[in-house]
Amino acid sequence: MWWFQQGLSFLPSALVIWTSAAFIFSYITAVTLHHIDPALPYISDTGTVAPEKCLFGAMLNIAAVLCIATIYVRYKQVHALSPEENVIIKLNKAGLVLGILSCLGLSIVANFQKTTLFAAHVSGAVLTFGMGSLYMFVQTILSYQMQPKIHGKQVFWIRLLLVIWCGVSALSILHSGNFGTDLEQKLHWNPEDKGYVLHMITTAAEWSMSFSFFGFFLTYIRDFQKISLRVEANLHGLTLYDTAPCPINNERTRLLSRDI
């Protein structure tokens, strides 16, 4: 059995691969059509102009769904492993809320381009990266709380390094300051332009922050290999109409005959 066939390990893998593909395909399209400069554009710049914005939006919406599924499965896993730990339960619920808000922000970024509705786009970016960073931080604390009984120390240290990486990238973005709406909506930059150096720093930090997210979700692969999913249908009658109770016993039909 291949590693991606074990449990639900395909879920975080699909999330990272699909999101990376969204960035890569939209970037190639935008550069080919000369809509952006090849050197370190903002991630959202690769999905600002048609036709790449259509591809970017559609793929990121699917990525948001995959992200919600991954976050929810992780929430259920921690809940099942630590049913009586009050601190872990509270952190786990907080992580679920933060993760869902981050996914909502990702969908907003996908559907509201910065040259169309700048305020909505920025709000989505703040939700995506801000809530996503807090989600990673909460999950790292959970990994610490669950070691060594449930989590190994190696997993905790890897996630801690990824959180530090994410934090350094976030600080680089914040330290670079605000260019102003006119400059932030630019798609083409020249080295002589005002704020060019800060632009390069913030774009590099944005890509770096995204890579830290990818790395963090990849650490879920080993955990998700230990989770299986089964779907069952409970039959309470011989028809789908509201009739008198049927005398037959409940029948369980397994829709999926094997673990996913």
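Mentor: Start with the residue classes: Ala, Val, Leu, Ile, Met, Phe, Trp, Tyr, Cys and Pro count as nonpolar, Asp, Glu, Lys and Arg as charged, and the others as polar. Keep in mind that this is a predicted model.

Trainee: How many nonpolar, polar and charged residues does the lining of the largest cavity have?

Mentor: The lining consists of Y75, V78, H79, I88, I89, N92 and K93. The tally is 4 nonpolar, 2 polar and 1 charged.

Trainee: Which helix gives the largest share of that lining?

Mentor: Helix 2 (52–81) and helix 3 (86–111) each supply at least two of the lining residues. With 4 residues, the largest share belongs to helix 3.

Trainee: How much space lies in the largest cavity?

Mentor: The structure has 1 cavity of 30 Å³ or more. The space in the largest cavity is about 30 Å³.

Trainee: Is T48 buried or exposed?

Mentor: T48 sits in the loop between helix 1 (10–32) and helix 2. Its relative accessible area is 5%, and the cut-off for buried is under 20%. T48 is therefore buried.

Trainee: Which backbone oxygen does the side chain of T48 reach?

Mentor: Leaving aside residues up to four places away in sequence, T48 touches K53, Q113, K114, T115 and L187. The side chain of T48 also comes to 2.7 Å from a backbone oxygen, that of S44.

Conventions. Residues numbered from 1 in each chain as written. Predicted model: local features only at pLDDT ≥ 70, side-chain atom pairs only at ≥ 80, totals over all residues. Heavy atoms only, no water. 1 Å grid on protein atoms, 1.4 Å probe; cavity = no way out; pocket = protein on both sides within 12 Å on 5 of 7 lines; lining within 4 Å. Points joined across faces, edges and corners; volume = space filled by probe spheres on them. Buried < 20%, exposed > 50% of the residue type's maximum accessible area, 1.4 Å probe, protein only. Polar contact = N/O pair within 3.5 Å; in protein donor to acceptor, adjacent residues only side chain to side chain. Contact = heavy atoms within 4.5 Å.
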